[in-house]
Amino acid sequence: MALARFKKICLDAADPDVLGRFWAGALELTWVSDGGEGGVYGADRQPVLWINRVPQPKAVKHRVHLDIYAAAVTDLQALGASVLVREGDDRRWTVMADPEGGEFCAFLREVPATPRLHGLVVDCADPAAQARFWVDVLGGAVVDHLQGYSTAMDVPGMGFTFDFVPVPELKEGANRIHLDVAAPVLQPILDAGARVLREPDDEIEWHVLADPEGNEFCVFDRADALAG
C-alpha cells in the first residue's frame, strides 16, 4: 500500500512569472500567478507545476528534469528556450534549456502527444533502488530496463513517466525541481529510507525530506491523503 499521494511537481525560479509563462506555453496549459509565485494549471484546475520564488540562481545541472513532447524546436525557442544538444545518433530527444537555464528534454513529434508533459527524470547512482523507494512511497510498480535505467510505472496521480537514470556525478546542492506529496503519517516514509531536512516552523507548514540519494521533497500532513 502506498504511504503518500503525489500532489504536484515544484520548480524553483528567480522569476516565477517568466518561468511559469514559459512552461504554460510549452505544455499548452494556463499560468496563474499567486502573489509572486503561481501554478501551471490543466483543465481540471489542479496545478501540474508549481513555480516557487527562490533567491539562489541556478548553479549546477538539473539533477531532476522534465521530458516533454513538442512539435518543433523553434516553437520552444519562440517561448524563450535554447538548444543545448540536438537530437542525433542514438538519442531520440533534443536537450534544451528553459529561460532560467534549466535543462529539459524535448521529444519532437509531428503531432505531439497530449498531455505535453512526457515524464519526470531523476539522475541517480542506483536507479533500481531509487525507483523501489518511490514506488514504496507513492505506489505503482518498478520496471528495470536493459539499458540500465528504471521506471516507477503506474504511480497513482502521475499522468507521466517517472524515470531514474544512472549518472557518475554525485548530487551537488539543492535540486530546483522537487515533488510535493501528501501523507497521513510521516514515520512510514522515514522507515522506507527518507530523512528529515526541515520540520514545520514559523515559515512552513510541511516537512522537507530527502530520499535515499538526497533529493528533496515536501510532505504535507493530510489525514485523508490516501482516501479514494
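Me: Hi! Where is the place of Glu216?

Reply: Glu216 sits in strand 16, residues 216-221, with strands (E, at least two residues) and helices (H or I, at least four residues) taken as DSSP runs numbered from the N terminus. This is a predicted model, where local features need pLDDT of at least 70, side-chain atom pairs count only at pLDDT 80 or more, and totals for chains, interfaces and linings use all residues. Residues are numbered from 1 along each chain as its sequence is written, and side-chain values use heavy atoms, with hydrogens and water left out.

Me: Thanks! Is Glu216 buried or exposed?

Reply: Glu216 counts as buried, at 18% relative accessibility. Buried means under 20% relative accessible area, exposed over 50%, and partly exposed in between (1.4 Å probe, protein chains only).

Me: And what does the side chain of Glu216 reach?

Reply: The backbone nitrogen of Asn175, at 3.1 Å. Not counting residues up to four places away in sequence, Glu216 also touches residues including Lys171, His178 and Leu209, a contact being heavy atoms within 4.5 Å.

Me: Changing topic: what is the strand order in the open sheet of eight strands?

Reply: The order is 6-7-8-5-9-12-11-10, with mixed pairing; two strands pair if DSSP finds at least two bridges between them. Strand 6 (82-85) and strand 10 (141-144) are at the edges with a single partner strand each, so one side of each has no neighbour in the sheet.

Me: How does strand 6 pair with strand 7?

Reply: In the antiparallel sense, over three bridges, with strand 7 covering residues 94-97. Ser82 has Ala97 in strand 7 as its bridge partner.

Me: Nice. Which strands does helix 3 lie across?

Reply: Helix 3 (residues 127-138) lies across strands 9, 10, 11 and 12, at about 150° to strand 12. That angle is between N-to-C directions, on a scale from 0 to 180 degrees, with axes fitted to C-alpha atoms, for helices over the stretch in contact.

Me: How many of the residues of helix 3 are buried?

Reply: Nine of the twelve, so helix 3 is largely enclosed by the rest of the structure. Among them are Phe133, Trp134 and Leu138.

Me: And what follows helix 3?

Reply: Gly139, with a positive phi near 95°.

Conventions:
Polar contact = N/O pair within 3.5 Å; in protein donor to acceptor, adjacent residues only side chain to side chain.
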